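Open the structure in your viewer and keep the selection tool at hand. Each stop below says what to select and what is there.

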Amino acid sequence: MSIFDEIGDAIVFLRKRKGFTQEQLALECAISVSYLRRIEHGRANPTINELWRIAEVLEVELRNPFALPVAMGTLS
């Protein structure tokens with residue numbers, strides 16, 4: 001399973017938990033339904049901004065995986 005499959009599965013789960021259809025989520029995120037379908041099926045490479053917007057609409061936090069090492073001063 002690729003990272004894109006994992007992201008897609010998470011979006012499907014969160015979308016359904018919120019009670020949104022693909023059409024509703026796509027409209028709220030200002031993306032096409034066909035693009036959202038591709039994201040949900042792991043066949044698209046969404047930008048960070050697109051993922052941020054999706055997370056915002058679904059009311060979940062999009063965490064920065066690079067924040068912790070930088071904050072701890074472990075990166076040179």
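Predicted model: local features only at pLDDT ≥ 70, side-chain atom pairs only at ≥ 80, totals over all residues.

Of its 76 residues, 28% count as buried.

Now switch to a cartoon view. The protein has 5 helices and 0 strands, so the cartoon reads α-α-α-α-α along the sequence, a pattern in which each helix is a DSSP run. Take the contacts between residues at least 6 apart in sequence: 54% of them join residues at least 24 apart.

**Stop 1: the core**

Select Ile11, Leu25, Cys29, Ile31, Leu36, Ile39 and Ile54. These residues have the most contacts inside the largest nonpolar core, which has 14 residues. Helices α1, α2, α3 and α4 each supply at least two residues of this core.

Next, keep Ile54 and hide the rest. Which residues does Ile54 touch, not counting those up to four places away in sequence? They are Ile11, Cys29, Ile31 and Ile39.

**Stop 2: helix α4**

Select residues 48-57, which form helix α4. Its buried residues are Leu51, Ile54, Ala55 and Val57. Turn the view to look down the axis of α4: the buried residues fall within an arc of 165°, so they line one face of the helix. On the other side of α4, Ile48 and Asn49 are exposed.

What do the buried residues of α4 pack against? Show α1 (3-18), α2 (22-29) and α3 (33-40), which are their packing partners.

**Stop 3: where α2 and α4 cross**

Hide everything but α2 and α4. Two packed helices are described by the angle between their axes and the distance between the axes. Here the axes of α2 and α4 come within 9 Å and cross at roughly 120°. The contact is made by Leu25, Glu28 and Cys29 on the α2 side, and by Arg53, Ile54 and Val57 on the α4 side. The crossing of these two helices, α2 and α4, is right-handed.

**Stop 4: Gln22**

Select Gln22, which is found in helix α2. Is Gln22 buried or exposed? Buried means under 20% relative accessible area, and Gln22 has a relative accessible area of 15%, so Gln22 is buried. Show its contacts next, leaving aside neighbours within four places in sequence: they are Arg15, Val33, Leu36, Arg37 and Glu40.

**Stop 5**

The last stop concerns backbone angles. Most residues other than glycine have a negative phi.

Select Ala30, in the loop between α2 and α3. Its phi is near 60°, a positive value in a residue other than glycine. Exposed means over 50% relative accessible area; Ala30 counts as exposed because its relative accessibility is 69%.

Glu59 is in the loop between α4 and α5 (67-71). What is the phi of Glu59 near? The value is near 60°, which is positive, and Glu59 is a residue other than glycine. At 61% relative accessibility, Glu59 counts as exposed.

Note on methods:
Residues numbered from 1 in each chain as written. Heavy atoms only, no water. Buried < 20%, exposed > 50% of the residue type's maximum accessible area, 1.4 Å probe, protein only. Helix = DSSP H or I, 4+ residues; strand = E, 2+ residues; numbered from the N terminus. Arc of directions from axis to C-beta. Contact = heavy atoms within 4.5 Å. Core = buried A, V, L, I, M, F, W, Y, C linked by side-chain atoms within 4.5 Å. Axes fitted to C-alpha atoms, helices over the stretch in contact; angles between N-to-C directions. Left-handed = near helix turned anticlockwise from the far one by under 90°.
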